[in-house]
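Colleague: I'd like to learn how to read a fold. Can you walk me through one?

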Amino acid sequence: MKEAQFVKLIKRNLTIYNWMRIETTTMAGFPDLIGVSPQLDTIFVEAKVAIGNKIKLSPHQISMGIKLWRDTGGSSYIIAIKEHAKPLRPDSVKLYETRISLDLLENGVNEPPTAEGWHTICRYLQAVHGSRPKKPR
């Protein structure tokens with residue numbers, strides 16, 4: 001599976017957010033997606049397709065992920081899937097906090113995820129980032 005295909009799966013399966021795909025050459029390591037919603041905190045997501053068990057992260061992606069995690073109070077993630085995984089398997093999609101990017105580089109998908117499976121990831125993000133009150137129009 002290519003990263004572009006995986007990004008489409010993220011958009012299709014995590015519909016609690018409106019997703020913006022970011023392609024930038026001006027800021028090395030900036031995440032692939034920004035998730036926005038009126039009821040949820042904005043989150044940043046780096047999409048990764050693991051080759052075998054390995055998640056490839058550049059030094060820029062690692063430092064940006066850790067910085068965003070710190071600066072946003074924990075709103076930056078890596079969502080990974082194994083290259084040949086069947087997306088319908090509950091454990092094939094994994095959510096990781098970017099604060100553990102160095103551990104992911106070392107351990108890959110063997111690193112314990114924050115959440116796994118589309119439904120569990122969705123519930124987790126709602127529970128953690130659903131604290132914003134709805135503003136009257």
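Modeller: Helices (H or I, at least four residues) and strands (E, at least two) are DSSP runs, numbered from the N terminus. Just after H2, for instance, Gly-73 takes a positive phi of about 75°. This is a predicted model, where local features need pLDDT of at least 70 and side-chain atom pairs count only at pLDDT 80 or more, while totals for chains, interfaces and linings use all residues. Residues count from 1 along each chain as its sequence is written, and side-chain values use heavy atoms, without hydrogens and water.

Colleague: In what order do the strands of the sheet run?

Modeller: Strands of a sheet pair through backbone hydrogen bonds, either parallel or antiparallel. Two strands pair if DSSP finds at least two bridges between them. Here six strands make an open, mixed sheet, ordered E1-E2-E3-E4-E5-E6. At its edges sit E1 (18-21) and E6 (115-116), each pairing on one side only. E1 pairs with E2 (residues 33-36) in the antiparallel sense, over four bridges, and Trp-19 has Gly-35 in E2 as its bridge partner.

Colleague: Which strands does helix H2 touch?

Modeller: Contact means heavy atoms within 4.5 Å. H2 (residues 59-72) packs on the sheet and touches E3, E4 and E5.

Colleague: And which residues of H2 are buried?

Modeller: Buried means under 20% relative accessible area, exposed over 50%, partly exposed in between (1.4 Å probe, protein chains only). In H2, the buried residues are Gln-61, Ile-62, Met-64, Gly-65, Leu-68 and Trp-69. These buried residues pack against E3, E4, E5 and helix H3 (101-107).

Methods. Axes are lines fitted to C-alpha atoms, for helices over the stretch in contact, and angles run from 0 to 180 degrees between N-to-C directions.
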